[in-house]
Amino acid sequence: MDFKGSDTIPGPRTEDHLPHTAQAAVKIVIVGGFGVGKTTMVGSVSEIRPLTTEETMTQAGIGVDDNFGSDTKTATTVAMDFGRISITDQLVLYLFGTPGQERFWFLWNGLFEGALGAVVLVDTRRLEVSFDVIGRLEERGVPFVVAVNSFPDGPRYPVEDLRSALDLAPDIPIVECDARRRASSRDVLMTLMRFLHSLAMTGALT
Amino acid sequence: MTPPQRQRRHPSPELVEPVPKPEGEGGGKRPPERLYVVAGPDGERADLDLVTLIVARADPPPSATPEQTAMLRLTTAPLSVAELSAYLNLPFSVVTVLITEMLTAGLVQARAPIVRQALPDRSLLEAVMHGLQRL
């Protein structure tokens with residue numbers, strides 16, 4: 001591998017260091033179609049400049065053991081942007097913006113399985129691109145809320161029309177947001193946390 | 001204008017990962033969920049999540065590779081595997097292999113993430129809410 005000398009490795013800025021008391025982290029996944037504003041939302045609430053982790057879809061990566069048709073030059077790189085919010089001196093929250101296509105999800109071990117929950121970010125101009133990802137979260141039993149990123153030229157539907165179009169259970173929150181605004185993105189995360197809390201109270205989370 | 005229409009799906013037993021049950025006392029420590037096995041001679045990787053926090057336990061030994069030296073410099077303060085992947089500009093899977101070697105050598109320590117549980121820890125959810133409110 002073409003690894004450059006350690007002197008050239010950039011690291012976090014001093015102000016971005018986590019305290020030594022940081023004991024554990026939790027994660028929330030923001031999922032949606034291309035261009036829907038996932039990275040914008042991560043960036044608007046993150047305390048660090050959003051970073052990118054990459055993974056290469058190779059034969060090892062897709063869990064195929066044989067060399068059938070092998071040409072490793074065909075490897076595809078998939079990137080995922082993420083940000084961070086320090087909750088307490090001990091606890092850190094990470095936010096991952098991930099592509100909607102399920103074939104990318106397994107690349108990062110436990111991306112959804114361990115997440116507290118997910119935010120499905122939708123664009124009313126292309127509502128149908130979020131259909132599949134919502135279905136996959138339902139199949140996997142990952143709790144989620146739906147956030148509608150408001151684009152000025154996007155059609156505006158009443159929330160109940162959206163609920164009906166997305167065929168969402170009555171308890172799943174739908175909120176409008178402006179992913180560029182910190183307070184608005186924060187409110188989306190709060191909506192998810194309140195939803196998770198209500199599931200915990202009723203014991204509905206399985 | 002009528003929006004397009006989706007059909008709801010339901011939890012599929014083969015897709016729902018078993019959610020770990022909380023342990024009795026001091027439920028903070030949980031067994032690793034599973035080992036992530038890779039094809040190749042390097043055997044098994046440690047079960048590292050994107051948000052497992054890695055902390056250096058030692059100064060770089062003389063035998064340290066450049067990658068290990070870089071990793072130890074970055075982890076003088078806790079840093080997640082995802083951040084290490086980003087700063088080292090290496091794929092997540094490569095970073096997990098590197099960290100596995102360094103865990104085995106006792107060079108770094110890993111602090112496991114808190115994952116979703118069958119009975120979620122309400123105080124954890126409340127702590128996250130309080131943290132978000134301060135943003």
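Two strands pair if DSSP finds at least two bridges between them. Helices (H or I, at least four residues) and strands (E, at least two) are themselves DSSP runs, numbered from the N terminus. With that in hand, welcome to a predicted model, where local features need pLDDT of at least 70, side-chain atom pairs count only at pLDDT 80 or more, and totals for chains, interfaces and linings use all residues. Residues are numbered from 1 along each chain as its sequence is written, while chains are lettered from A and ligands numbered from 1 in the order in which they are written.

**The sheet in chain A**

- In β6(A), V148(A) is the bridge partner of V122(A).
- Strands β5 (residues 117-122) and β6 (residues 144-149) of chain A run parallel to each other, paired over five bridges.
- Chain A has an open sheet of seven strands with mixed pairing, in the order β2-β3-β4-β1-β5-β6-β7.
- At the edges of this sheet sit β2 (51-57) and β7 (174-177) of chain A, each of which pairs on one side only.
- From one strand to the next, the twist averages 30°; axes are lines fitted to C-alpha atoms, for helices over the stretch in contact, and angles run from 0 to 180 degrees between N-to-C directions.

**A closer look at A165(A)**

- You will find A165(A) in helix α3 (residues 159-166) of chain A.
- A165(A) is partly exposed because 18 other C-beta atoms lie within 10 Å; a residue is buried with 20 or more, exposed with 12 or fewer, and partly exposed in between, with C-beta atoms placed from the backbone.
- Leaving aside residues up to four places away in sequence, A165(A) touches L127(A), P3(B), P4(B), Q5(B) and R6(B); contact requires C-beta atoms, placed from the backbone, to lie within 7 Å.
- Between the C-alpha atoms of A165(A) and F131(A), 34 residues apart along the chain, the separation is 9.6 Å.

**Where the chains meet**

- Chain A gives 67 residues to the contact and chain B gives 58.
- On the side of chain B that touches chain A, α4(B) supplies the largest share, seven residues.
- That side of chain B has 37 nonpolar, 10 polar and 11 charged residues; Ala, Val, Leu, Ile, Met, Phe, Trp, Tyr, Cys and Pro count as nonpolar, Asp, Glu, Lys and Arg as charged, and the others, Gly among them, as polar.

**Chain B itself**

- Chain B has four helices and five strands, which follow the pattern β-β-β-α-β-α-α-β-α along the sequence.
- Of the 135 residues in chain B, 35% are buried.

Notes. Two residues are in contact if their C-beta atoms, placed from the backbone, lie within 7 Å.
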